[in-house]
Amino acid sequence: MSDLLELLKKAQVLSPKLFDEKPIIALYGRFQTGKSTLINCLFNRYVALTGKGLATTSLTALYRYGEKEKLQYRRANGELKDTTLAELNDPSLLADVCSNGGFHIESCIPASILKHCDIVDTPGFDANDSDTEAALSVLENIHYVLFVMPNRELLAQEKTLLKELAEKKFLSL
């Protein structure tokens, strides 16, 4: 975690205007590359659904600092509704989740790293069109991208996404 805080400090020197507001870091990568597992490790608690199978995380989640843990999802009518991880794991809940771009889940967690930045867990791209679209829809709301990938060479789709991110002038960590 101290390495990520060091990166944030370096980024603040490179892009001081972005730190007029609390920076938002989004985790991007293909499906099943460990984005949600990384979230759970960063916060030292199970806050993001993980598991085997296609598109484990099909919702975009925003994690912010809060003295008390709170988990909500955005309903189709735009309202935030309190929920639990067990409820979010129920496929029938998806019918009530707002399908428009933006953050589907908002969570407050008393993790010290979140005092310095907000973190976004995105669906993996390249699992299906709707997950790829959901992952890309939050780009306008974030400052930095942390690209998560397994220990191997970049695939063509990953190279394409990284080029798109570079063209949009995102600082990839």
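1. Arginine 45 has a relative accessibility of 29% and so counts as partly exposed. In this predicted model, the side chain of arginine 45 forms a salt bridge with that of glutamate 69, at 3.0 Å from N to O. Arginine 45 is in the loop between helix H2 (35–43) and strand E2 (61–65), and glutamate 69 is in the loop between E2 and strand E3 (70–74), so the bridge ties together parts that are 24 residues apart in sequence. Glutamate 69 is also partly exposed, with a relative accessible area of 46%.

2. A salt bridge also joins arginine 74 and glutamate 106, with the closest N and O atoms 2.6 Å apart. Since arginine 74 lies in strand E3 and glutamate 106 in strand E5 (residues 105–109), this pair ties together parts 32 residues apart in sequence. The two partners fall into separate accessibility classes: arginine 74 is partly exposed at 22%, whereas glutamate 106 is buried at 16%. The cut-off for buried is under 20% relative accessible area, so the value of 16% puts glutamate 106 among the buried residues.

3. Lysine 22 and aspartate 118 form a salt bridge in which the closest N and O atoms are 3.3 Å apart. The pair links distant parts of the chain, 96 residues apart: lysine 22 sits in the loop between helix H1 (2–14) and strand E1 (24–28), and aspartate 118 in strand E6 (residues 118–121). Aspartate 118 is buried, with a relative accessible area of 6%, while lysine 22 is partly exposed at 32%. The structure holds five salt bridges.

4. Which charged residue is buried yet has no salt bridge? That residue is aspartate 121, located in strand E6. Lysine 35 carries the nearest side chain of opposite charge, 5.9 Å away. The side chain of aspartate 121 does make a polar contact of 2.6 Å with the side chain of serine 36.

5. Nonpolar side chains tend to be buried together in soluble globular proteins. Here the largest nonpolar core has 27 residues. Those with the most contacts inside this core are Ile39, Phe43, Tyr63, Leu88, Ile113, Leu114 and Ile119. At least two core residues come from each of E1, H2, E2, E3, helix H3 (85–88), E5 and strand E7 (144–147). H2 gives the most, with three residues. There is a second, separate core of 14 residues, which includes Leu62, Val138, Leu139 and Val145.

6. Isoleucine 39 deserves a separate entry. Leaving aside residues up to four places away in sequence, isoleucine 39 touches Leu27, Val47, Ala48, Tyr63, Ile119 and Asp121.

7. On the overall fold, the protein has five helices and eight strands. Along the sequence they follow the pattern α-β-α-β-β-β-α-β-β-α-β-α-β. Among contacts between residues at least 6 apart in sequence, 72% join residues at least 24 apart.

8. For the surface, 43% of the 173 residues count as buried. The accessible surface comes to about 9600 Å², and 51% of that area belongs to carbon and sulfur atoms.

Note on methods: Residues are numbered from 1 along each chain as its sequence is written. This is a predicted model: local features need pLDDT of at least 70, side-chain atom pairs count only at pLDDT 80 or more; totals for chains, interfaces and linings use all residues. Side-chain values use heavy atoms; hydrogens and water are left out. A salt bridge is a side-chain nitrogen of Lys or Arg within 4 Å of a carboxyl oxygen of Asp or Glu. Helices (H or I, at least four residues) and strands (E, at least two) are DSSP runs, numbered from the N terminus. Buried means under 20% relative accessible area, exposed over 50%, partly exposed in between (1.4 Å probe, protein chains only). A nonpolar core is a set of buried Ala, Val, Leu, Ile, Met, Phe, Trp, Tyr and Cys residues joined through side-chain atoms within 4.5 Å. Contact means heavy atoms within 4.5 Å. Lys and Arg count as positive and Asp and Glu as negative; His and the chain ends are not counted. A polar contact is a pair of N or O atoms within 3.5 Å; within protein, one must be able to donate a hydrogen and the other to accept it, and residues adjacent in sequence count only if both atoms are side-chain atoms. Accessible areas come from the Shrake-Rupley method with a 1.4 Å probe; for residues, only the protein chains shown count as cover.
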